[in-house]
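Q: I'm new to this structure. Could you take me through one part of it up close, and tell me what's around it?

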Amino acid sequence: MAFTKVTEQASHYRHLEQMTVQEVLTNINKEDKTVPDAVEKVIPQITKLTAAIADKMLAGGRLFYMGAGTSGRLGILDASECPPTYGVPQGLVVGLIAGGDSAIRRAVENAEDDREQGWRDLQQWNISDKDVVVGIAASGTTPYVIGALQACRANGITTGSISCNPGSPVSEHADFPVEVVVGPEFVTGSTRMKSGTAQKLVLNMISTTVMIQLGRVEDNKMVNMQLSNDKLVDRGVKMVMEQLQLTDYSAARELLLEFGSVKKAVESRK
């Protein structure tokens with residue numbers, strides 16, 4: 001079957017500039033509502049990828065996300081939030097973007113077209129077969145991502161992918177491909193919209209599930225979160241009070257700050 005970029009097909013809506021503000025917002029929302037349904041359809045594929053990642057990380061491996069543009073930024077976002085949310089070390093989950101860190105804020109021309117650079121970027125991290133590399137590409141055709149996944153496979157490294165077109169080239173080079181087909185975008189070809197939302201949902205699912213498997217969550221609480229601001233300290237104090245059945249806020253706060261995490265503070269009293 002010939003490969004068709006559904007993400008590049010014409011929007012279901014015409015003459016957007018003639019719509020009222022409310023009409024634009026209503027129609028964007030109408031399209032956005034279809035994204036969770038598209039994600040639900042591929043939960044079996046997400047399950048296989050997530051289980052593979054968890055197995056590798058439980059054995060001491062790392063998780064790498066790779067992408068260009070919006071896809072790369074979403075991977076970096078997910079990776080950067082793992083240490084503060086779950087208390088894991090920096091570098092356990094890594095986000096790489098075509099064009100390097102400067103591309104996080106500004107587009108770097110032609111960076112995504114370099115088929116060799118992705119592998120070079122991974123080598124800077126001493127990538128090995130203990131790790132997992134997930135390529136993120138809405139179109140499923142990004143050379144930076146495809147080249148990296150090809151090199152990973154050649155070196156025995158487990159690979160996954162997240163794309164939004166069926167039968168995409170990036171899926172061919174992934175051991176565990178995930179294809180969330182959300183259909184044409186509200187603004188034709190603007191994959192930062194539904195495709196980006198779908199990728200964000202899948203990344204949330206993957207990292208959250210993996211961190212639970214790694215024991216970084218207890219009950220439904222972020223017991224290993226970093227106490228990096230007043231809001232998080234307050235949240236941590238309330239967790240300690242609940243788990244230890246304390247009524248003295250100040251005493252719970254002192255205990256939490258002494259041990260540096262909810263988990264350690266609670267364990268100190270057991």
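A: Trp-125 is partly exposed, with a relative accessible area of 34% (between the cut-offs of under 20% for buried and over 50% for exposed, using a 1.4 Å probe and protein chains only). Keep in mind that this is a predicted model, where local features need pLDDT of at least 70, side-chain atom pairs count only at pLDDT 80 or more, and totals for chains, interfaces and linings use all residues. Numbering starts from 1 along each chain as its sequence is written, and side-chain values use heavy atoms, with hydrogens and water left out.

Phe-64 and Trp-125 make an edge-to-face aromatic pair, 6.1 Å centre to centre with 75° between the planes (rings of Phe, Tyr and Trp, the last by its six-membered ring, pair with centres within 6.5 Å; planes under 30 degrees apart are stacked, over 60 edge-to-face, the rest tilted). Phe-64 sits in strand E1 and Trp-125 in the loop between helix H5 (117-123) and strand E3 (132-136), so the pair ties together parts 61 residues apart in sequence. Helices (H or I, at least four residues) and strands (E, at least two) are DSSP runs numbered from the N terminus.

Follow Phe-64 the other way and you find Val-94 opposite, in E2. Strand E1 (residues 63-67) runs parallel to E2, joined by five bridges; strands pair if DSSP finds at least two bridges between them. Four of the five residues of E2 (residues 93-97) are buried, so that strand is largely enclosed by the rest of the structure.
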